[in-house]
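Please look over the sequence and structure below before reading on.

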Amino acid sequence: MLRQSLTTLTVETRSQGFTDLTGLLNGQIAASGLDTGMAVVACLHTSCSLTINENADPRVLDDLAAFLRALVPAEGVAPLSGRGALRPWLHDDEGPDDMPAHVRTALTATSLSLSFQGGRLLLGTWQAVYLWEHRARPHRRELSLHLLGT
Amino acid sequence: MLRQSLTTLTVETRSQGFTDLTGLLNGQIAASGLDTGMAVVACLHTSCSLTINENADPRVLDDLAAFLRALVPAEGVAPLSGRGALRPWLHDDEGPDDMPAHVRTALTATSLSLSFQGGRLLLGTWQAVYLWEHRARPHRRELSLHLLGT
Amino acid sequence: MLRQSLTTLTVETRSQGFTDLTGLLNGQIAASGLDTGMAVVACLHTSCSLTINENADPRVLDDLAAFLRALVPAEGVAPLSGRGALRPWLHDDEGPDDMPAHVRTALTATSLSLSFQGGRLLLGTWQAVYLWEHRARPHRRELSLHLLGT
């Protein structure tokens, strides 16, 4: 018999970087008593995001973070010609790391749909689900986790 | 008892930019009579996309648009060296704003999976769901909205 | 009566580029006997991804590939100033095409949520679902396909 479970999870982040959510999500699936179904994880913020990437070599995460820092500079947006000074971000009320965080969120994922089977997320061997914090300071982040299955 | 509802929505866009879909989607959820469930919103086009971002300061949207315009230039793709002239887009039959629109779509989201509860999307305080038009001229855009819940 | 089906699909890729999954996915939906429901497609790897884009002019795919190759250079990550030499990728154990593949995966989609109706994916006229291989050599790739509907 199909049934659903919808909960909110809180994750504390320390700074820009990655928090591996895989264990937390698997624990929630186990606690739900569901074996097989769909999972929707959503990040309820606009300056952090979700991503699935490698769970083995931490240098993958370092390279990912370095890439996104360079792609979305703290100083502002590139001129259309690609040459000359950056145009500072218009939205700067919450500090210089805020608008780049919104852009980095837009380029990654705010929600993920996945499957679970045997009471665990159906992921590849090298996959982990990460919360990607884009703000510089520690934040308390809320996620929703929706399970629908048998 | 779980049941589903699948509808198609039409949204008129005026030019490159954002249309806040949150109220429209919440209205559809209310009309469905469902209280709690999963929602899948999909954009049935390849030159506009979906994104979740801040609903408060409109300068966030201005900065997002400026960033994506600079990242995916209308003039073409950057040389691999990062130096020298842009190589014009190969696909240009539908005008100079078409291929950049396909790339901007690929970098954002064509579909979103979310949860709803109490007859409304479960979003963070500062989140809105936007249709992001990447073409220059007005377009009539179709979205599918799929609700599955109780 | 709602029911679900969860299967794993294998796709052979030849090199960097796109494999159209639309026919394969529609065949699986037809075989499931389901008419209307939600579909979650997930890529169980961190160096290839999923995307929905144009199904008509192959130059769209050429331009997409050229853009992502230029955006995420094989040689490394751009300096924060945007000027000067690239900093080589830290993660290089699996070859020079591996870390760029992880970044390209992070910028596109690892999973997609879609709807199906009449036994077929509900897509726009010009949309196809692609597996986007980011590694240089052929790979055997696994996808999960989850259908939940009536």
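The side chains of His91(B) and Asp98(B) make a polar contact of 2.7 Å; a polar contact is a pair of N or O atoms within 3.5 Å, where within protein one must be able to donate a hydrogen and the other to accept it, and residues adjacent in sequence count only if both atoms are side-chain atoms. This is a predicted model, in which local features need pLDDT of at least 70, side-chain atom pairs count only at pLDDT 80 or more, and totals for chains, interfaces and linings use all residues. Residues are numbered from 1 along each chain as its sequence is written, chains are lettered from A and ligands numbered from 1 in the order in which they are written, and side-chain values use heavy atoms, with hydrogens and water left out.

- His91(B) lies in the loop between helix 2 (58–71) and helix 3 (98–107) of chain B; helices (H or I, at least four residues) and strands (E, at least two) are DSSP runs, numbered from the N terminus.
- With a relative accessible area of 2%, His91(B) is buried; buried means under 20% relative accessible area, exposed over 50%, and partly exposed in between (1.4 Å probe, protein chains only).
- Beyond its neighbours within four places in sequence, His91(B) is in contact with Asp98(B), Met99(B) and His102(B), and also with Glu54(C), Asp57(C), Arg59(C), Val60(C) and Asp63(C); contact means heavy atoms within 4.5 Å.

**Interface of chain B and chain C**

- The contact takes 37 residues from chain B and 38 residues from chain C.
- About 3000 Å² is buried between chain B and chain C, and carbon and sulfur atoms give 65% of this area; buried area is the accessible area (1.4 Å probe) that two parts lose on being put together, summed over both.
- Two salt bridges are found across the interface of chain B and chain C; a salt bridge is a side-chain nitrogen of Lys or Arg within 4 Å of a carboxyl oxygen of Asp or Glu.
- Asp93(B) and Arg59(C) form a salt bridge in which the closest N and O atoms are 3.0 Å apart.
- Between chain B and chain C there are 14 residue pairs in polar contact (both at pLDDT 80 or more).
- On the side of chain B that touches chain C, two or more residues each come from strand 1 (3–13), strand 3 (37–43), helix 3, strand 5 (111–117) and strand 8 (139–149) of chain B.
- Helix 3 of chain B gives the most to that side, with five residues.

**Interface of chain C and chain A**

- Chain C and chain A each bring 37 residues to the contact.
- The two chains bury about 3000 Å² between them, 64% of it on carbon and sulfur atoms.
- Two salt bridges are found across the interface of chain C and chain A.
- Asp93(C) and Arg59(A) meet in a salt bridge through their side chains (3.0 Å, N to O).
- The polar contacts across the interface of chain C and chain A come to 14 residue pairs (both at pLDDT 80 or more).
- Helix 3 of chain C supplies the largest share of the side of chain C that touches chain A, five residues.
- Only 19% of the interface residues of chain C are also interface residues in chain A, so the copies meet through different surfaces.

**How the chains are related**

- Chain B is superposed on chain C by a rotation of 120° with 0.0 Å of shift along its axis (RMSD 0.0 Å); copies are superposed by least squares on the C-alpha atoms of residues with pLDDT of at least 70 in both.
- These two copies are thus related as by a three-fold rotation axis.

**Helix 3 of chain C**

- In helix 3 of chain C, 10 of the 10 residues are buried, so the helix is largely enclosed by the rest of the structure.
- Its buried residues include Asp98(C), Met99(C), His102(C) and Arg104(C).
- The buried residues of helix 3 of chain C pack against strand 4 (48–54), helix 2 (58–71) and helix 3 (98–107) of chain A, helix 3 of chain B, and strand 4 (48–54) and helix 2 (58–71) of chain C.

**Thr36(C)**

- Thr36(C) sits in the loop between helix 1 (22–32) and strand 3 of chain C, and is buried at a relative accessible area of 14%.
- The side chains of Thr36(C) and Asp35(C) are joined by a polar contact of 2.6 Å.
- Not counting residues up to four places away in sequence, Thr36(C) touches residues including Gln4(B), Leu6(B), Phe116(C) and Leu148(C).

**Cysteines**

- Zero disulfides are found over all chains; a disulfide is a pair of cysteine sulfur atoms within 2.5 Å.
- Cys43(A) is in no disulfide, and the nearest cysteine sulfur, that of Cys48(A), is 3.3 Å away, too far for a bond.
- Cys43(A) is buried at 1% relative accessibility, and Cys48(A) is buried with a relative accessible area of 0%.
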